[in-house]
Amino acid sequence: MVIIGAGPAGLVLGNLLLRRGVDCVVLERAGRDAVQNRARAGFLAPNTVRILRRHGLDEGLSRRGREHGVCEFRTEDGRFRLDYRRLGTGEPHTVYPQHELVTDLLAHFLGAGGRVRFDTEAVTVSGADGPAPEVAVRDGDGRPGRWRARYVAACDGRHGAGRRSLPPGAVRRHHRDHGVSWLGLLAEAPPSLDAVGYAVHSRGFAGHMARSADITRYYLQCARGTRAGDWSEDRVWDELDLRMRAPAYGPLRRGRIVQRAVVPLVSDVLEPLRHGALFLAGDAAALISPSAAKGANLAVLEAEILAGALADALVHGDPGGLDRYSERCLDHIWRAQEFSHWMIRLLHGTADPSDPPNHPADHRSSEPSDVSDPSDPPGASGFPAAGAEDL
Ligand code: APR
């Protein structure tokens with residue numbers, strides 16, 4: 001078994017396969033330090049915590065994770081606090097920085113004898129329609145190599161080798177550009193709210209998400225074409241204060257901005273998530289816009305589903321789970337996509353007339369979606385199949 005990518009999807013998959021006695025190697029193009037220090041998401045849904053706990057992978061988040069159960073919306077009409085924990089299942093989200101989760105997962109995997117080849121970039125996956133797919137790689141010195149396996153799991157994100165290696169027409173791509181970009185910021189500053197903060201403002205959206213006791217993630221809607229370095233720190237904080245209505249609700253706690261990136265809000269879902277012996281999971285399978293913090297949660301859920309299916313096939317000779325993998329995951333992906341799309345419209349006031357009033361029924365969850373928030377609105381307008389194209 002070859003797994004491409006040492007992110008949440010790849011490392012959860014590797015840990016679960018190892019537990020089921022499946023020999024696997026993870027190929028990761030970055031070095032270990034880079035993987036362990038790359039700040040990404042950090043908002044884990046209750047079911048994600050359950051999955052990690054079920055497999056004994058929750059030690060770090062149980063000790064250092066912080067519970068969250070309230071969203072605070074700020075608009076020109078005032079402030080509204082949504083206690084989704086009380087209104088929903090009573091379970092909180094857990095704020096736990098993703099790079100800390102990845103560090104935990106890596107330690108578990110290596111400690112259990114898992115193999116990771118860092119600084120090893122997968123270039124192509126070939127032979128996926130046969131019994132022995134091959135992964136061509138290039139190491140940190142540019143030396144070529146090859147790995148052969150019974151199955152390959154591409155957990156290498158939207159621009160990885162897995163997607164690149166899909167033959168034309170093998171999958172349909174449902175791509176949507178929501179026409180909005182966010183300037184994502186990581187500040188060395190304690191959180192300014194005891195909630196996830198969403199500000200809807202005539203100048204654009206602003207968001208506040210705690211990451212730890214002294215690190216906070218902020219988002220500022222910005223014009224397409226904005227570059228990450230365009231805004232000075234003063235301009236960032238003044239704009240955040242303005243949009244979060246600091247004069248009415250108190251100034252934000254400022255600090256040094258240690259990471260910034262411009263994120264165009266796009267969604268990009270493949271269907272199916274399998275081509276022969278090549279399986280896609282995480283962002284490689286479906287990129288969900290960050291408006292609803294679904295990406296890492298879907299990645300963990302898909303990894304658990306794929307791990308069970310692969311183990312049944314490799315250990316027990318039962319390929320049934322692999323045949324159902326794509327359909328099972330897409331149910332959850334489309335539900336997460338509907339909610340994410342609804343949040344984009346809510347936070348940016350983009351009542352796009354081209355949006356269909358309701359999501360095509362065939363993309364609704366046939367089972368309660370495990371990555372959905374308790375506050376997921378029923379029937380939120382969803383993600384039209386329009387714009388689908390064959391890859
Ligand atoms: N060869 C080897 N490794 C690769 C290649 C490649 N060609 N391309 C990408 N990678 C590695 C990246 O360096 C990264 O470590 O694959 C990993 C992909 O990890 P993520 O981007 O975190 O993707 P995934 O595991 O799917 O997690 C998805 O986590 O970052 C959050 O919310 C975010 O939705 C995202 C979610």
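**The ligand site**

Modeller: Arg 38 has a polar side-chain atom 2.7 Å from an oxygen atom of the ligand. A polar contact here is a pair of N or O atoms within 3.5 Å; inside the protein, one atom must be able to donate a hydrogen and the other to accept it, and residues adjacent in sequence count only if both atoms are side-chain atoms. The model is predicted, with local features needing pLDDT of at least 70 and side-chain atom pairs counting only at pLDDT 80 or more, while totals for chains, interfaces and linings use all residues. Residues are numbered from 1 along each chain as its sequence is written, and side-chain values use heavy atoms, with hydrogens and water left out.

Glu 28 also places an N or O atom of its side chain 2.7 Å from an oxygen atom of the ligand. At Pro 8 the polar atom belongs to the backbone, and an oxygen atom of the ligand is 3.2 Å from it. The ligand taken alone exposes 710 Å², of which the protein buries 92% (accessible areas by the Shrake-Rupley method with a 1.4 Å probe; for residues, only the protein chains shown count as cover). Two or more residues of the shell come from each of α1 (8-19), β9 (120-126) and α10 (295-316). Helices (H or I, at least four residues) and strands (E, at least two) are DSSP runs, numbered from the N terminus.

There are 25 residues around the ligand, and Glu 28, Arg 38, Gln 98, Ala 122 and Asp 283 come nearest (near: a heavy atom within 4 Å). By type, the shell has 11 nonpolar, 7 polar and 7 charged residues. Nonpolar covers Ala, Val, Leu, Ile, Met, Phe, Trp, Tyr, Cys and Pro, charged covers Asp, Glu, Lys and Arg, and the others, Gly among them, are polar.

As for the strands, an open sheet of 3 strands has the order β3-β7-β4, with antiparallel pairing (strands pair if DSSP finds at least two bridges between them). Its edge strands, β3 (43-44) and β4 (66-68), each pair on one side only. Between β3 and β7 (residues 93-95) there are 2 bridges, and Leu 44 stands opposite Thr 94 in β7.

Elsewhere, β13 (residues 172-188) pairs with β17 (residues 256-271) in the antiparallel sense over 14 bridges; Leu 183 has Val 262 of β17 as its bridge partner. β17 is also joined by 2 bridges to β20 (residues 286-287), again antiparallel, where Asp 268 is partnered by Leu 287 of β20.
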